[in-house]
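Dear colleague,

I am handing over the structure below, together with some notes on what was found in it. Please have it open beside you as you read.

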Amino acid sequence: MPLNPLVQLILFISLTVSILLSPNLNYLNLHIFFFVFLSWIYKIEFILFWKKIFKILYFFPFIIFFYFLFTILMTNYDLIEIFEKIVIGFYRLLLIISFTTIYFENSKKENLITIIRSFFYRIKLHSRFIENITLFLSLSFRFYPEFQKNWELIEKGDNYLGIKTNKSYLAKVIKISKIFPRILLFQLDRSSEIARVIKLRGYGNIIPRGINDQIDINFFHFTQSIFIILIFYILHNHVTI
């Protein structure tokens with residue numbers, strides 16, 4: 001039986017918060033069982049899954065290097081302690097990214113916005129602030145794929161023009177750092193135009209806005225969500241691993 005979208009969102013948020021609050025490796029390792037179980041439930045194809053994870057982790061060696069450098073310069077930790085913190089921090093991020101990837105693989109990004117808006121509509125909490133936040137998230141999810149598409153077009157353009165680029169990791173990082181501000185400025189200009197159009201169409205005159213394909217949320221779903229939160233609360237506050 002599939003979970004209600006709200007319950008599913010609460011489950012993955014709870015897992016993410018649980019990872020962040022885990023005090024030691026034993027608690028972190030417990031999340032591996034959740035990962036395996038959810039991968040089986042959602043029928044994750046591990047080859048495609050790890051390819052996507054690898055793309056996200058592409059910049060991690062660069063980040064780890066700077067973390068290592070600043071930790072040596074600004075703290076009194078010895079090398080073993082620094083190495084332990086780096087490994088545990090990387091482990092946490094890997095788990096968080098893994099659960100986030102599973103969630104978005106099985107739930108459309110637009111569905112997340114619909115869940116949030118349906119939840120506030122169901123509890124009759126109407127606010128201009130909430131409308132602004134959901135609109136911001138919606139536009140952000142819309143622009144990220146376009147940002148990625150622009151980058152791929154630049155890569156293809158270099159190949160078509162016969163421009164040879166260094167394929168090393170550092171060379172790619174330097175190239176991205178140079179091109180990133182230009183793409184970002186282009187997207188900011190586009191977002192300004194869209195914001196102007198939204199205002200001209202009367203955004204903010206009626207609160208709340210209508211919701212297409214509103215998600216059904218009832219008392220049972222609220223109960224399930226609270227039960228999930230209680231499980232993780234008990235796990236962290238009343239169970240020793």
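Leaving aside its neighbours within four places in sequence, which residues is Ile 44 in contact with? The contacts are Ser 39, Phe 49, Ile 102 and Asn 106. Ile 44 has its place in the loop between α2 and α3, and with a relative accessible area of 14% it is buried, because buried means under 20%. Asn 106, one of the residues it touches, is 62 residues away from Ile 44 in sequence, while the two C-alpha atoms are 9.4 Å apart in space.

Before going further, please keep in mind that this is a predicted model. The protein chain averages a pLDDT of 78, and 87% of the residues score at least 70. Among the elements of the chain, helix α1 (residues 5-21) has the highest mean pLDDT, at 89, whereas helix α3 (residues 46-56) has the lowest, at 72.

As for the overall layout, the protein chain has 9 helices and 0 strands, so that reading along the sequence gives the pattern α-α-α-α-α-α-α-α-α. Of the 241 residues in the chain, 29% are buried. Among the contacts with a separation of 6 or more, 81% are made by residues 24 or more positions apart. The chain exposes about 17,000 Å², and carbon and sulfur atoms supply 68% of that area.

One part of the surface deserves a separate note. A nonpolar patch is formed there by Phe 62, Phe 65, Phe 66, Phe 68, Leu 69, Phe 70, Ile 72, Leu 73, Met 74 and Leu 79, which together have about 990 Å² of accessible area. Helix α4 (residues 60-74) contributes the largest share of this patch, with 9 residues. Phe 68 is a member of the patch that lies in helix α4, and at 31% relative accessibility it counts as partly exposed.

Turning to the aromatic residues, the structure holds 8 aromatic pairs.

Where charged side chains are concerned, the structure holds 1 salt bridge. Arg 117 forms it with Glu 131, and the closest N and O atoms are 3.9 Å apart. The pair links distant parts of the chain, since Arg 117 is in helix α6 (residues 109-122) and Glu 131 is in helix α7, 14 residues apart. Both Arg 117 and Glu 131 are buried.

Helix α7 (residues 128-160) also holds Leu 135, which counts as buried at 17% relative accessibility. Not counting residues up to four places away in sequence, Leu 135 touches Ile 198, Tyr 203 and Arg 209. The C-alpha atoms of Leu 135 and Ile 113 are separated by 8.3 Å, and these two residues are 22 residues apart along the chain.

Finally, is Asp 216 buried or exposed? With a relative accessible area of 54%, Asp 216 is exposed, because exposed means over 50%. Asp 216 is found in the loop between α8 (169-200) and α9 (219-237), and it touches Asn 4 and His 221 when residues up to four places away in sequence are not counted. Asp 216 and Asn 4 are 212 residues apart in sequence, yet their C-alpha atoms are 8.3 Å apart in space.

With kind regards

Key: Residues numbered from 1 in each chain as written. Predicted model: local features only at pLDDT ≥ 70, side-chain atom pairs only at ≥ 80, totals over all residues. Heavy atoms only, no water. Patch = residues over 30% accessible without salt bridge, like charges linked within 9 Å, V, L, I, M, F, W, Y side chains within 5 Å. Areas by Shrake-Rupley, 256 points an atom, 1.4 Å probe, with all protein chains shown as cover. Salt bridge = Lys/Arg side-chain N within 4 Å of Asp/Glu carboxyl O. Helix = DSSP H or I, 4+ residues; strand = E, 2+ residues; numbered from the N terminus. Buried < 20%, exposed > 50% of the residue type's maximum accessible area, 1.4 Å probe, protein only. Phe/Tyr/Trp six-rings, centres within 6.5 Å; stacked < 30°, edge-to-face > 60°. Contact = heavy atoms within 4.5 Å. pLDDT = per-residue confidence, 0-100.
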